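I opened the notebook to record what could be looked up in this structure. The entries follow the order in which I looked.

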Amino acid sequence: MIGAGDAGRQTKAIIATIASALAEAGGGLADVVRTRIYVTDISLWPAVAAAHSAAFAAIRPAATMVEVARLIHPDMLVEIEAEAVLPPPPP
């Protein structure tokens with residue numbers, strides 16, 4: 001598990017995964033219009049928000065952060081859903 005016990009590191013890794021998936025689809029983080037962030041402990045929000053802000057500072061997608069009871073693995077502190085509007089593929 002990447003960043004076990006480190007919500008900021010987990011957030012950075014998740015955002016890197018999102019960026020990679022978007023790149024494969026022909027887009028990038030600039031195409032993200034909304035994120036939903038799930039944390040297992042809301043007191044971790046400063047580290048999560050700092051990592052999220054670093055990645056999305058110029059983009060400023062709509063964002064929601066909520067506390068959940070748990071995620072699928074006990075070492076997971078953060079999960080992020082991202083919605084993006086991608087440019088149409090070239091003709």
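**Ground rules.** I am reading a predicted model, in which local features need pLDDT of at least 70 and side-chain atom pairs count only at pLDDT 80 or more, while totals for chains, interfaces and linings use all residues. I number residues from 1 along each chain as its sequence is written, and side-chain values use heavy atoms, with hydrogens and water left out.

**Overall fold.** I found two helices and three strands in the protein, and from the N terminus they run α-β-α-β-β. The radius of gyration is 13 Å, close to the 12 Å that the globule rule gives for 91 residues, so the protein is as compact as a globular protein of that length. I noted that this radius is taken over C-alpha atoms, and that the rule is 2.2 Å times the number of residues to the power 0.38. Helices (H or I, at least four residues) and strands (E, at least two) are DSSP runs, numbered from the N terminus.

I looked up burial for the chain as a whole, and 30% of the 91 residues count as buried; buried means under 20% relative accessible area, exposed over 50%, and partly exposed in between, with a 1.4 Å probe and protein chains only. Of the contacts (heavy atoms within 4.5 Å) with a separation of 6 or more, 80% come from residues 24 or more positions apart.

**Helix H1.** I checked the length of H1 (residues 7-24): at 1.5 Å a residue its 18 residues should span 26 Å, and its end C-alpha atoms are 26 Å apart, which agrees. The expected span is 1.5 Å times one less than the number of residues. Ala7, Gly8, Gln10, Thr11, Ile14, Ile15, Ile18 and Leu22 are buried in H1. They cover an arc of only 155 degrees around the axis, which puts them on the same side of H1; the arc is that of the directions from the helix axis to the C-beta atoms. On the other side of H1 I found Lys12, Thr17, Ala23 and Glu24 exposed. The buried residues of H1 pack against strand E1 (32-39), helix H2 (45-56) and strand E3 (78-84). At the N-terminal end Asp6 caps H1, with a side-chain oxygen 3.2 Å from the backbone nitrogen of Gly8, and just after H1 Gly26 takes a positive phi of about 90 degrees.

**Helix H2.** I then turned to H2, where Val48, Ala51, His52 and Phe56 are buried. Seen down the axis of H2, these residues fall within an arc of 115 degrees, so they line one face of the helix. They pack against H1, E1, strand E2 (62-67) and E3.

**Ile80 and Ile37.** Which residues does Ile80 contact, leaving aside its neighbours within four places in sequence? I listed Thr11, Ile14, Ile15, Ile18, Thr35, Arg36 and Ile37. Ile80 lies in strand E3 and is buried, with a relative accessible area of 12%. Ile37, found in strand E1, counts as buried at 4% relative accessibility. Ile80 and Ile37 are 43 residues apart in sequence, yet 4.5 Å apart in space, C-alpha to C-alpha. Leaving aside neighbours within four places in sequence, Ile37 has contacts that include Val48 and His52, both buried in H2.

Methods:
Polar contact = N/O pair within 3.5 Å; in protein donor to acceptor, adjacent residues only side chain to side chain.
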